[in-house]
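The following exercises concern one protein chain. Each task is followed by a solution in steps.

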Amino acid sequence: RMSGHADWSCSVFMVGEPKSGTSSLSLRFNGESFDSTTFFTDHFQKTLKIGTKIVRVHLQDSIPVERYALRPFQCRMSMLRSHVIIIVFDLTNPISFEKASLWLDEALNLDRSDDANIVLLGNKCDLLLDRKVSREEAETFASKKNVQYFETSAKNLSLSTNIETLIKIQIAMIMKERPELLCRIKKEKNDKEEVTRGSGPCVMS
């Protein structure tokens with residue numbers, strides 16, 4: 001975890017069905033150990049070095065709003081406020097994959113979907129014997145939807161692209177291709193920060 005002044009601010013939203021593993025992935029991003037138990041939290045913030053720039057990343061996990069009837073509306077609003085949208089599904093659960101397609105359609109149908117990097121993420125790739133969704137099936141589906149596809153494991157980081165690396169890849173793409181979407185942060189003499197909003201969403205805190 002880095003500290004100090006950040007040059008950019010970027011928001012990431014991760015959504016998936018219950019037990020798809022979004023909470024464990026969020027914990028991993030936050031530098032904590034894998035936890036297979038249910039863990040309710042809302043936002044994580046972490047400062048990452050990407051190239052020569054320091055980026056303050058705000059990650060929101062959708063899990064806390066599962067128990068509310070307004071979850072779809074709340075998730076839609078979170079998607080609208082995000083530079084990166086990660087749709088997570090459980091590779092051992094075909095129903096989770098089917099539900100992910102609904103969340104993916106939700107993200108792609110947003111008014112500003114072109115302003116966000118949308119990623120389909122298959123989780124629990126370490127459970128080889130329990131796997132029900134093949135890489136080929138998931139990649140074919142993602143290709144038809146014109147989104148990127150990755151696989152990961154919150155439990156075994158050596159088997160896949162870990163969540164921090166995935167987020168770094170997405171932010172680097174935005175910085176290279178559409179930097180105007182991000183929020184620029186300038187530190188003033190009194191240590192206060194002046195945030196210049198980009199054309200995309202902007203997280204102020």
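**Exercise 1: a covered strand**

Strand S4 (residues 84-90) is mostly covered, as seven of its seven residues are buried; buried denotes under 20% relative accessible area with a 1.4 Å probe, protein chains only. Strands are DSSP runs (E, at least two residues) and helices are DSSP runs (H or I, at least four), numbered from the N terminus. The model is predicted: local features need pLDDT of at least 70, side-chain atom pairs count only at pLDDT 80 or more, and totals for chains, interfaces and linings use all residues. Residues are numbered from 1 along each chain as its sequence is written, and side-chain values use heavy atoms, with hydrogens and water left out.

Task: State which residues lie on each face of S4, and which strands pair with S4.

Solution.
1. One side holds Val84, Ile86, Val88 and Asp90, the other Ile85, Ile87 and Phe89, and all are buried.
2. Strand S1 (residues 8-16) pairs with S4 in the parallel sense over five bridges; pairing requires at least two DSSP bridges. Val15 has Ile87 of S4 as its bridge partner.
3. Strand S5 (residues 117-123) also pairs with S4 in the parallel sense, over seven bridges. Here Val88 is partnered by Leu121 of S5.

**Exercise 2: a helix pair**

Task: Describe how helix H1 (residues 22-29) and helix H5 (residues 163-177) pack.

Solution.
1. The angle is about 80° and the axes are 8 Å apart; axes are lines fitted to C-alpha atoms over the stretch in contact, and angles run from 0 to 180 degrees between N-to-C directions.
2. H1 and H5 are therefore roughly perpendicular, a term for 65 to 115 degrees.
3. Leu25, Arg28 and Phe29 of H1 meet Ile163, Glu164 and Ile167 of H5 in the contact (heavy atoms within 4.5 Å).

Methods: Parallel < 35°, antiparallel > 145°, perpendicular 65-115°, else oblique. Buried < 20%, exposed > 50% of the residue type's maximum accessible area, 1.4 Å probe, protein only.
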